[in-house]
Amino acid sequence: MQTKPIVIGIGEFLWDVLPTGRKAGGAPVNFAYHASQHGAEGWGISAVGDDVDGRELLEVTGGHGIRTLVATVGYPTGTVDVQLNDGQPVYTIHENVAWDYIPLTDAMLALARQAGALCFGTLAQRNGASRQTTLALIAAAPEDAYRIYDINLRQHYYSKKLIEQSLDMANILKINDEELLTLQEMFALPVGTDEACRLLQKRYELKMVVLTGGSRFSSVYYGDGKISTLPTPKVDVVDTVGAGDSFTGCLIASLLTGSSVEEAHRRAVDTAAYVCTTAGAWPPPQA
C-alpha cells in the first residue's frame with residue numbers, strides 16, 4: 001500500500017563539473033532528492049548514455065537513495081561546466097546529450113499515473129524527443145496532482161512560445177527574481193513584482209506562483225490574493241548549486257504531507273539556506 005506521495009522530477013540528469021570536481025545533479029533529480037528528504041517518495045525520470053559517466057551517475061544517485069527511471073540511449077551522458085562567481089553558479093550546458101532524448105516507457109507512464117506531483121522545466125524541452133515525453137507524463141498524471149513548472153531559464157534554451165505552452169500545462173510556477181524580469185519584458189507584465197506574479201497566477205489559472213529572491217526573500221502567491229513572504233536566512237554560503245531545487249522539493253513534499261502553505265514555505269526556506277552552506281546539491285539531511 002502506498003504510504004508516501006509520489007513526486008517526480010522529469011528532465012536533465014548530468015554531471016555538474018565544478019572547479020572543485022564533479023557533482024551529480026540536474027534540477028529534476030535535485031528536486032526529487034529533496035522531496036524524498038521531506039516525506040515524499042521522490043523519483044527522477046531521465047536518460048543517460050551507455051558510457052562510464054552514465055553508469056557512475058546511476059551508482060552515485062542510488063547511493064543517495066534517489067529512485068530513478070532512467071533510460072540508456074545512444075548519446076553521451078550529460079555534463080555541465082559550472083563556474084562560481086562569488087558563490088553563484090554560471091553554467092555552460094552541452095548539447096545533444098542523453099537527457100535530450102528521454103524515451104517514453106510504460107514504466108514512466110505507470111509511475112506518472114500515481115503521482116501527487118510532477119516537476120518539469122524549460123531546459124529539458126529544448127529537444128523534441130524529451131519534450132514529447134514530458135508532455136505525455138504530465139498528461140498522464142491524476143487531475144489533482146501538482147504540475148510544477150520550475151522555469152529554470154538557461155542560456156538561449158527558451159522561447160516565449162515554449163514558456164507559454166509550459167505555463168498552460170502547469171498549475172504551479174516556480175520562478176526566481178531574475179527570471180521574472182525576463183517574463184515581465186517578454187509578456188509585457190506589470191513592473192511591480194506582486195502585480196506581475198498575481199497576473200501570471202490569474203492568466204494561467206495557477207494554484208501558486210512561487211518566487212525566490214536569492215539572498216533577500218521568497219514569496220508564495222496562492223489562493224485568492226493570498227501571499228506568504230519570508231526573508232532569506234543569513235548563512236555562510238559555500239555555493240548555491242541546487243538551492244532552488246531543494247526549495248521546491250521541500251515545499252511540494254510538505255504540502256503533500258499535510259503542511260499549510262505557510263508551514264511548507266518556512267521549511268523550504270530553511271532547507272534552501274542549509275543547502276547553500278554545503279558543496280553541491282545533495283547534502284546529508286539536517287541534524
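On a 1 Å grid over the protein atoms alone, a cavity is a set of points where a 1.4 Å probe fits but cannot get out, a pocket is an open set with protein on both sides within 12 Å along at least five of seven lines, and lining residues have an atom within 4 Å of a point. Residues are numbered from 1 along each chain as its sequence is written, and side-chain values use heavy atoms, with hydrogens and water left out. In this predicted model, local features need pLDDT of at least 70 and side-chain atom pairs count only at pLDDT 80 or more, while totals for chains, interfaces and linings use all residues.

**Second largest cavity**
- Its volume is about 30 Å³, a volume being the space filled by probe spheres set on grid points that are joined across faces, edges and corners.
- Strand E10 (172-176) and helix H8 (243-256) each supply at least two lining residues, and the largest share, four residues, comes from H8; helices (H or I, at least four residues) and strands (E, at least two) are DSSP runs numbered from the N terminus.
- The lining of the second largest cavity divides into six nonpolar, one polar and one charged residue, where Ala, Val, Leu, Ile, Met, Phe, Trp, Tyr, Cys and Pro count as nonpolar, Asp, Glu, Lys and Arg as charged, and the others, Gly among them, as polar.

**Largest cavity**
- The structure holds two cavities of 30 Å³ or more, and the largest cavity contains about 80 Å³ of space.
- Residues that line the largest cavity include Glu 12, Phe 31, Cys 119, Asp 150, Asn 152 and Asp 245, and H1 gives the most to this lining, with three residues.
- By class, the lining of the largest cavity has six nonpolar, three polar and three charged residues.
- Asn 152, one of these lining residues, sits in the loop between strand E9 (146-150) and H5, and its phi is near 45°, a positive value in a residue other than glycine.
- Asn 152 counts as buried because its relative accessibility is 12%, given that buried means under 20% relative accessible area, exposed over 50% and partly exposed in between (1.4 Å probe, protein chains only).

**Largest pocket**
- About 1,300 Å³ of space lies in the largest pocket, which is lined by 49 residues, with Gln 88, Pro 89, Asn 176, Thr 240 and Gly 244 lying nearest its centre.
- Strand E7 (88-93), H6 and H8 are among the elements that give two or more residues to the lining of the largest pocket, and the largest share, five residues, comes from E7.
- The lining of the largest pocket comprises 21 nonpolar, 16 polar and twelve charged residues.

**Helix H6**
- Within helix H6 (residues 177-186), Glu 179, Leu 180, Leu 183 and Gln 184 are buried.
- These residues lie on the same side of H6 because they cover an arc of only 145° around the axis, the arc being that of the directions from the helix axis to the C-beta atoms.
- Glu 178, Leu 181 and Glu 185 are exposed on the other side of H6.
- Asn 176 caps the N-terminal end of H6, with a side-chain oxygen 3.1 Å from the backbone nitrogen of Glu 178.

Key: Polar contact = N/O pair within 3.5 Å; in protein donor to acceptor, adjacent residues only side chain to side chain.
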